[in-house]
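Please examine the sequence and the structure shown here before reading the explanation.

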Amino acid sequence: MKTLFELCKPRQSVFDETKREDVLNLSDLKEGKIECAPFFEENYITDGMKTLFDTAFNRFIKRGQTGVVKLTQAMGGGKTHNMLALGLLASNPEFRDKAITNSERYKSIGNVRVVTFSGRESDAQFGIWGSIAEQIGKKESFSQYYSPLSAPGETAWINLLSGDPLLILIDELPPYLENAKSKTIGNSDLCSVTSTALANLFTALGKAQLANVCLVISDLRAAYESGSELIRGAFKNLENEVNRSAINIEPVGSGSDDVYHILKKRLFESMPRADEINLVAIAYKNEVAKAKQMGLTNISPDLIYTGIKDSYPFHPSIRDLYSRFKENSGFQQTRGLIRLMRQVIAGIYLGDKSKAKIKYLINVFDFDLNNRAMLTTITQIKQELSNAIAHDIAANGKAIAEEIDAQYQQELVGDVSKLILVSSLANVPNALLGLTLQEIIGDLCEPGRDIAGLKRALDEFQSRAWYLEHDKEGKLLFKNVKNMIAELHSLVESYDNEGVRTTTLKTFLADKFKSIVGDCYQNLLIFPAIDEITLNADKVSLILFEPYTGAGLHPCF
Ligand SMILES: Nc1ncnc2c1ncn2[C@@H]1O[C@H](COP(=O)(O)OP(=O)(O)O)[C@@H](O)[C@H]1O
Ligand SMILES: [Mg+2]
């Protein structure tokens, strides 16, 4: 069996800091800045993308029923990417064979005209319609709608757009409409006029005369949910108009393996042969089977086997655990995962080579929280867990997990704690959080790892960690509140000996030994200094003295 290092070579872009943040948009397409070959080299064709290509190209041969496609998915989910892919295929016929499965069917289509509008172009002088008319070389034919800006009707759109195949891509409308709200036109505003213009366009696309046109628009919802009441109303109306005529396509299937295929494509130059992957999958299956025999896990070895065959070079648990926080606000779905994984993989390949040599898969816990950039990335996903990380997981050797691992000369609790951390990162309502011990062990099994000592080390971790909690179902998770152990610690710390003697303990004893009936003693002295003791012949005194640490009675007596 070969290691990860021997089998998979990351793309150079993984190590290139400047490349990590590249975000392409429609302006890049319009300005011809995107090269087809490298774009498709790193593109994975998802089912959604396949449907998008088919829907659009069927329109270009005038066979498609629906002329409006809405790409649904939150920020960073691949909407713009899908528009770019389609736009490139439309204007570069030579790349169609590779990207479209039944490209034969579309052989007759030559160069398709492509028109784009990105909502970032908030300064478009003559509105969206002006921009579209200009791009197809008919700026003048719409001049009656420019001053004052007014919405073209259905017939006007039909006259403008009919003819050769045409692709219209409209992205990021929400910021445009938000801004347009403040531009007054008569006793209305540009936002309303734009909404009317687009609603007219959508209905026009339902007409036979425009059977040559396909319009792709990105979802408005994510943006209007966070927007003001006023904007929400406007978006909702427009959204309803879109929904009336559009089919929805999800660029990256949320319940599918799409995102892993995308990660493989984007991050690695090539994948090893199936038989090499099979050996790795068998090795993991055997490890899990061993743990299961010992009663340590209930994870099915066969599931791990088939899981690895699909997810290689990633451990299958990554799929479940990473999808838990992909809906977090601030985390950008597919884009977020690509960024995170770039960092993780760069860390593995640039890090300690001796460790990488015995690595076979990229696992959930394969990141170094003592690396500043990595720590920032993880804490950004759920900021409130930064205390948990600093105290329990990683603090340059001083965190609880690191101390325990150093003590037993292993790398076990560190990995477990990171696994639990990842499982606790979701911050959306009703999110799944935490893992059972059985699940943890199942995810931890790997060739060469001895999990026999895990139970003992984990018990110690549980008794010392401050932010680790058990939920009702026995799942372990990190929270941002200190647990009982931490509370006890801080209580103990706050009690110095003197403080306890003078206040808390004295009050406690005074209460417990208070003379009530007065039969045995009438006077009570607690921790008095010797010279404070004045005895009285008429009264019996009870003197409570601190225990003497040496042998025998206190020398004072
Ligand atoms: N099918 C895919 N193949 C390769 N990369 C993809 C694919 N889908 C999305 N991506 C990548 O995911 C990231 C986010 O996509 P993007 O289209 O910018 O999201 P959105 O427009 O929904 O906010 C981009 O870096 C893009 O390159
Ligand atoms: Mg986008």
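Predicted model: local features only at pLDDT ≥ 70, side-chain atom pairs only at ≥ 80, totals over all residues.

Residues are numbered from 1 along each chain as its sequence is written, chains are lettered from A and ligands numbered from 1 in the order in which they are written, and side-chain values use heavy atoms, with hydrogens and water left out.

Ligand 1 is surrounded by 18 residues, each having a heavy atom within 4 Å of it. The closest are Gly76, Thr80, His81, Arg266 and Arg335. By class, this shell holds six nonpolar, eight polar and four charged residues; Asp, Glu, Lys and Arg count as charged, Ala, Val, Leu, Ile, Met, Phe, Trp, Tyr, Cys and Pro as nonpolar, and the others, Gly among them, as polar.

Several side chains place an N or O atom beside the ligand. In Asn43, such an atom is 3.3 Å from a nitrogen atom of ligand 1. A polar side-chain atom of Thr80 lies 2.6 Å from an oxygen atom of ligand 1, and the side chain of Arg335 has an N or O atom 2.6 Å from an oxygen atom of ligand 1. Helices H5 (79-91), H13 (258-267) and H17 (333-350) each give two or more residues to the shell; helices are DSSP runs (H or I, at least four residues), numbered from the N terminus.

Helix H5 also meets helix H4 (residues 47-60): their axes, which are lines fitted to C-alpha atoms over the stretch in contact, come within 10 Å and cross at roughly 45 degrees.

Definitions and conventions. Polar contact = N/O pair within 3.5 Å; in protein donor to acceptor, adjacent residues only side chain to side chain. Axes fitted to C-alpha atoms, helices over the stretch in contact; angles between N-to-C directions.
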